[in-house]
Amino acid sequence: MENGTDPVCTANEPPFSHKVIRSLDLTGIFLFAILTLMTLIANLVFAEEVFYIYRKTPSSKRTIFIWINAAAPVIATTSCIGMWIPRSTMFTDFTAAVFFAIVTHKFMLMMIKECGGQKLFLTRFANDRFKISTGPCCCYCLCLPHIHITRRTLFLLKLGTFQLAFLRPVLMFLSIVLWTNGNYSLSDLTPNGAAIWINCFVGVLTISALWPIGIMFQQVRVLLNCKKITHKFALYEFVLILSQLQAAIINILALQGIIPCAPPLASSARGAYMNQQLLIMEMFLITLISRVVYRKRYDLELPECTDQETSDNKQNTKISINGKFIEDGTQNV
């Protein structure tokens, strides 16, 4: 029976896990074992990193660093589960997407926190302006004006990432509700299906959240160069591209039949299967790199970072007396 007329290909549904396991040859078993081992190692590395962060990082930054470092291991874990249990793919993808939406907001907060917090950020950049002609929305709109850095504009930037962290779980919950009623299918991208509209709205929300991230990064990248902000931003972008764009491209190729059906995997299930295997390897490498990039001892700073931290601490020790400010015991009157 040819693949085109195979019931598995015409049904276009993911198989049960026992069918996938039984169809594995020696190479497939070896591949599954290696990818599962990679996932386990990624989680062990992350657990060790969490222990390090709790010991060596100030308490105000621990939670944010743990959330950001968890992105790659979580995506690897959800991909591994989806690889073993193909029928869980929609739920594992939703879990990874929701988690990364929260990480996007946490990354924005991390850049502000690394500048000393919101108050010190506003003080430091009081006379500067945000350059808003950045990607992914307005990188070619060079005529856009620079806006003043105020409490209001900073709030709008944080709101831009928070809306994704809030609305993405809501949309994923709506998708699951519609799926239970038979109105949502990842393979149904017709205008009459709910998937195309929800996915387009999610795309708009994602781009709207990435714009504030780009604006903030352009503002702080020189100041936070000693804290490897460029490397951290690059890792964040890699996770974004690999977990979102790569999956979308493979899904489109599968729906167009470019990725052929190979029983017991239909075209869409095989596309998801390939994406999961790629993600496990990619997130494994990113986890190892993140361990190096985020491994920063605050008691052994680089000289330029030490000067910056000292300046931050001095400004944070300001106290108000009768409407005046004093710093380091010297009253400014």
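This is a dialogue on how to read several features of a predicted model.

Visitor: What kind of model is this, and how are its residues numbered?

Guide: The model is predicted, so local features need pLDDT of at least 70 and side-chain atom pairs count only at pLDDT 80 or more, while totals for chains, interfaces and linings use all residues. Residues are numbered from 1 along each chain as its sequence is written, and side-chain values use heavy atoms, with hydrogens and water left out.

Visitor: How many helices and strands are there in the protein?

Guide: Helices (H or I, at least four residues) and strands (E, at least two) are DSSP runs, numbered from the N terminus. The protein has 11 helices and five strands.

Visitor: At what angle do helix α3 and helix α10 pack?

Guide: Axes are lines fitted to C-alpha atoms, for helices over the stretch in contact, and angles run from 0 to 180 degrees between N-to-C directions. Here α3 (residues 26–56) and α10 (residues 267–293) pack at about 30°, and their axes are 9 Å apart. A crossing is left-handed if the near helix is turned anticlockwise from the far one by less than a right angle, and right-handed if clockwise. The crossing of α3 and α10 is left-handed.

Visitor: Which residues in α3 and α10 meet?

Guide: Contact means heavy atoms within 4.5 Å. On the α3 side the residues include L31, F32, L35 and M38; on the α10 side they include Y273, Q277, I280 and M281.

Visitor: How are the rings of F32 and Y273 placed?

Guide: A pair of aromatic rings is described by the distance of the centres and the angle of the planes. Rings of Phe, Tyr and Trp (its six-membered ring) pair if their centres lie within 6.5 Å; planes under 30 degrees apart count as stacked, over 60 as edge-to-face and the rest as tilted. By this rule the count is 13 aromatic pairs. In one of them, F32 and Y273, the centres are 6.0 Å apart and the planes are at 35°, so the pair is tilted. F32 is in helix α3 and Y273 in helix α10, so the pair ties together parts 241 residues apart in sequence.

Visitor: Are F32 and Y273 buried or exposed?

Guide: Buried means under 20% relative accessible area, exposed over 50%, and partly exposed in between (1.4 Å probe, protein chains only). Both F32 and Y273 are buried. Of the 333 residues of the protein, 43% count as buried.

Visitor: Which residues form an aromatic cluster?

Guide: F100, F107, F217, F233 and Y236 form one cluster. Within it, the rings of F107 and F233 have centres 6.2 Å apart and planes at 50°, so this pair is tilted. F107 lies in helix α5 (residues 89–114) and F233 in helix α9 (residues 229–255), 126 residues apart.

Visitor: Where does K232 lie, and what is it in contact with?

Guide: K232 is in helix α9. K232 is buried, at a relative accessible area of 3%. Leaving aside neighbours within four places in sequence, the contacts of K232 include F65, F107, M110 and E114.

Visitor: What joins P263 and P264?

Guide: A cis peptide bond joins P263 and P264, with omega about 10°. P264 lies in the loop between α9 and α10.
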